[in-house]
Amino acid sequence: MNVSQNKLNNLITLYLNDLADYGDSNQNYMLAESTLNSIKQLIIESKGDTKDILQEEYEKASPEKQEVLKDFMLYAKSI
């Protein structure tokens, strides 16, 4: 997934909005929000490729956060 920083930030916002509207629990939303907002901050501060940032964060993440990142990447590819 090779997208601009602005587009990725917009996708994160859309994903979180959809999860809030259609998600199955508040706990899942809170996990997704904390996971993706930390990545959003890294993207803002970074000059690197967004794909590399996502990959690095996925590798460092707990299994629960890895699931969030996988779901987000599937969501982003479908849009």
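Analyst: Ile43 lies in helix α2. The model is a predicted one, and the protein chain has an average pLDDT of 89, with 96% of the residues scoring at least 70. Where pLDDT is low, predicted coordinates should not be read in detail. By element, helix α3 (residues 50-60) has the lowest confidence, at a mean of 89, and helix α4 (residues 63-78) has the highest, at 94.

Is Ile43 buried or exposed? Its relative accessible area is 0%, and a residue counts as buried under 20%, so Ile43 is buried.

Which residues does Ile43 touch, once neighbours within four places in sequence are left aside? The contacts are Gln5, Leu8, Asn9, Thr50 and Ile53. One of these, Leu8, is 35 residues away from Ile43 in sequence, while the C-alpha atoms of the two are 8.6 Å apart in space.

Asn9, another of these contacts, sits in helix α1. Asn9 has a relative accessible area of 12%, which is under the 20% limit, so Asn9 is buried too. With neighbours within four places in sequence set aside, Asn9 is in contact with Lys40 and Ile44 as well as Ile43.

Helix α1 covers residues 5-22 and helix α2 covers residues 26-45; their axes come within 10 Å and cross at roughly 170 degrees. Angles over 145 degrees count as roughly antiparallel, so α1 is roughly antiparallel to α2. On the α1 side, the contact is made by Gln5, Leu8, Asn9, Ile12, Thr13, Tyr15, Leu16, Leu19 and Ala20. On the α2 side, Asn28, Tyr29, Ala32, Glu33, Leu36, Asn37, Lys40, Ile43 and Ile44 take part. Sorted by class, the contact of α1 with α2 has 11 nonpolar residues, five polar and two charged.

For Ile39, the residues touched are Leu54, Glu57 and Leu69, not counting residues up to four places away in sequence.

In short, Ile43 is a buried residue of helix α2, and Ile43 takes part in the contact between α1 and α2.

Terms used:
Residues are numbered from 1 along each chain as its sequence is written. This is a predicted model: local features need pLDDT of at least 70, side-chain atom pairs count only at pLDDT 80 or more; totals for chains, interfaces and linings use all residues. Side-chain values use heavy atoms; hydrogens and water are left out. Axes are lines fitted to C-alpha atoms, for helices over the stretch in contact, and angles run from 0 to 180 degrees between N-to-C directions. Helices (H or I, at least four residues) and strands (E, at least two) are DSSP runs, numbered from the N terminus. Angles under 35 degrees count as roughly parallel, over 145 as roughly antiparallel, 65 to 115 as roughly perpendicular and the rest as oblique. Contact means heavy atoms within 4.5 Å. Ala, Val, Leu, Ile, Met, Phe, Trp, Tyr, Cys and Pro count as nonpolar, Asp, Glu, Lys and Arg as charged, and the others, Gly among them, as polar. pLDDT is the predictor's confidence in each residue, from 0 to 100. Buried means under 20% relative accessible area, exposed over 50%, partly exposed in between (1.4 Å probe, protein chains only).
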